[in-house]
Amino acid sequence: MVGRHAARSRRAALTALGALVLTALPSAASAAPPPAPERQPVAARTLGAHKPTADVLRAMERDLKLTPRQATARLVNEAEAGTRAGMLRNTLGDRFAGAWVSGATSAELTVATTDAADTAAIEAQGAKAAVVEKKLSELRAVKEKLDAAAVRTQTPETPVWYVDVRTNRVMVQATSRSAASAFVEAAGVEGQGVGVRVSQDRPRVLEDLVGGDAYYINGQARCSIGFSVTKDDQQGFATAGHCGDPGDTTTGFNEADQGTFEASTFPGKDMAWVGVNADWTATPDVRAQDGQTVRVAGSVEALVGASVCRSGSTTGWRCGTIEQHDTSVSYPEGTVDGLTETTVCAEPGDSGGPFVAGTQAQGTTSGGSGDCTRGGTTFYQPVNPLLSDFGLTLTTTSASAGTPAPQDNAAADAWAAGRVYEVGATVSHAGLRYRCLQNHQAQGVWSPQDTPALWQRV
């Protein structure tokens, strides 16, 4: 372990929504070939899920035990499920309690609500309804109390806690039940249904070596490039905050002068970005298998249960699934909130590298436990908060360099490329109003009237 320096009438309703739903989703047992591109659901075309690269498919086949047809169908299903979940979240409002996909091809979307009267609306979107006790806002309130307790108490024996939408509980991972009980008591959330998972795993930050491509910090430690970004005319890349402090200098995989850490946050969050010199050019590429690359098209956040792949030089190109978002992890260096837990394996040296879902950037590797021999758990820092916090623009196949428009200026209500939008956000565009369906950073080609997968007219 080393410190920071080392480092979202039935048929009539569906038709009116632009035929976003697959009316005959393939099952895990028989995944039919996906429709031709021009017949693909709108969401799949918007997010690029209708034409996955061979490297993504091969890794999903290997790590998720899928056939080629199942892997292709899964990516299409996950893309359109995110749009349906976003519509239902906006419809249910405060009654919404989470959404997730399941099955080998993610053919089943489940949306949870605290009111059984919402079942018809959920089923009208082709989803399965789960009627639960606690709404998502209540679960998050409990987790926030655990977050606050972690600031004033030591948490080495309770290293992970999170909102689990599939069980409608807040969970604490601890080395013993007594340790979990003490943490729950310190947070004042006894009797609020907090679950306990006993595990001896202790996540640690994954550093030392390359994830995507290598870079060196101050001529000593090594970490991994996550995603290329820009700010005004400055090019650079996103990476893990524990890899370096503002002002630390970097050299590239070839040990040539590269850049400087412009901003870094760790612990609390695990995010940083490095500005590079004129010898380096930002690209939308992520290194995959055997020297091939995956090209990033955006940053639409994938649902719980969705497939996700990671690039890292220690263990290569690996895939798994998203277990939950909004996870807090207590590393020896401090607690980090807002991480996403996955079943993708990783090892020291993979830190800072990129996580992608199809062609959508998800986040940068933070830490984890286990390894790629016996299996493990890996956490990533979501990329959208990183872009928002540092005012960065993700380099994609369609985005141009620039800086997101300020969120608090006079035109804050107007849709603007470069801004990070969360589910439920409303904007004005071309004289109409729209509500956001999925968390993402707006791309220039993703204006609301052209992307019903991301925006719903209100």
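**A close look at Thr451**

Modeller: Start with the side chain of Thr451: one of its polar atoms lies 3.4 Å from the backbone oxygen of Trp446. The Thr451 side chain also reaches the backbone oxygen of Ser447, at 3.0 Å. A polar contact is a pair of N or O atoms within 3.5 Å; within protein, one must be able to donate a hydrogen and the other to accept it, and residues adjacent in sequence count only if both atoms are side-chain atoms.

This is a predicted model, where local features need pLDDT of at least 70, side-chain atom pairs count only at pLDDT 80 or more, and totals for chains, interfaces and linings use all residues. Residues are numbered from 1 along each chain as its sequence is written, and side-chain values use heavy atoms, with hydrogens and water left out.

Where does Thr451 sit? It is in the loop between β27 (440-441) and β28 (455-457). Strands are DSSP runs (E, at least two residues), numbered from the N terminus. Thr451 counts as buried because its relative accessibility is 2%. Buried means under 20% relative accessible area, with a 1.4 Å probe and protein chains only. Leaving aside residues up to four places away in sequence, Thr451 touches Thr46, Val445 and Trp446. Contact here means heavy atoms within 4.5 Å.

Now follow the chain to β28.

Conventions
Helix = DSSP H or I, 4+ residues; strand = E, 2+ residues; numbered from the N terminus. Buried < 20%, exposed > 50% of the residue type's maximum accessible area, 1.4 Å probe, protein only.
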